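Here is a short note for someone opening this structure for the first time. Please read it with the model on screen.

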Amino acid sequence: MSAIKVVAIILILAGIAGLAYGQFSYTEKSHEASLGPLDFSVKEKKTVNVPVWAGVVAILVGGVLLFVPKRT
């Protein structure tokens with residue numbers, strides 16, 4: 001399987017996941033402090049919204065890469 005086909009499949013799967021879920025969250029450590037034997041840390045949960053157009057474009061580009069004949 002060529003690298004272009006692998007990239008195409010990854011794009012299609014990422015586009016489908018983006019359309020299905022619409023957003024993803026992650027936790028970021030923002031502040032740390034040490035006061036003697038005590039350690040403090042603040043973690044923030046952040047959410048990223050995936051635009052619908054980005055999912056559609058990823059699927060379309062993946063489809064084009066997958067089904068366009070290879071040039072020699």
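1. K70 lies in the segment after α2. K70 is exposed, at a relative accessible area of 75%. Exposed means over 50% relative accessible area, buried under 20% and partly exposed in between (1.4 Å probe, protein chains only). From K70 to L13 there are 57 residues in sequence and 21 Å in space, C-alpha to C-alpha.

2. A word on the source. This is a predicted model, in which local features need pLDDT of at least 70, side-chain atom pairs count only at pLDDT 80 or more, and totals for chains, interfaces and linings use all residues. Residues are numbered from 1 along each chain as its sequence is written, and side-chain values use heavy atoms, without hydrogens and water.

3. Which residues of α2 are buried? They are G55, A58, G62 and G63. Seen down the axis of α2, the buried residues fall within an arc of 130 degrees, so they line one face of the helix. The arc is taken from the directions from the helix axis to the C-beta atoms. On the other side of α2, W53 and L60 are exposed.

4. The cover over the buried residues of α2 includes α1 (3-21); contact means heavy atoms within 4.5 Å. I16 lies in helix α1. I16 counts as partly exposed, at 46% relative accessibility.

Terms used:
Helix = DSSP H or I, 4+ residues; strand = E, 2+ residues; numbered from the N terminus.
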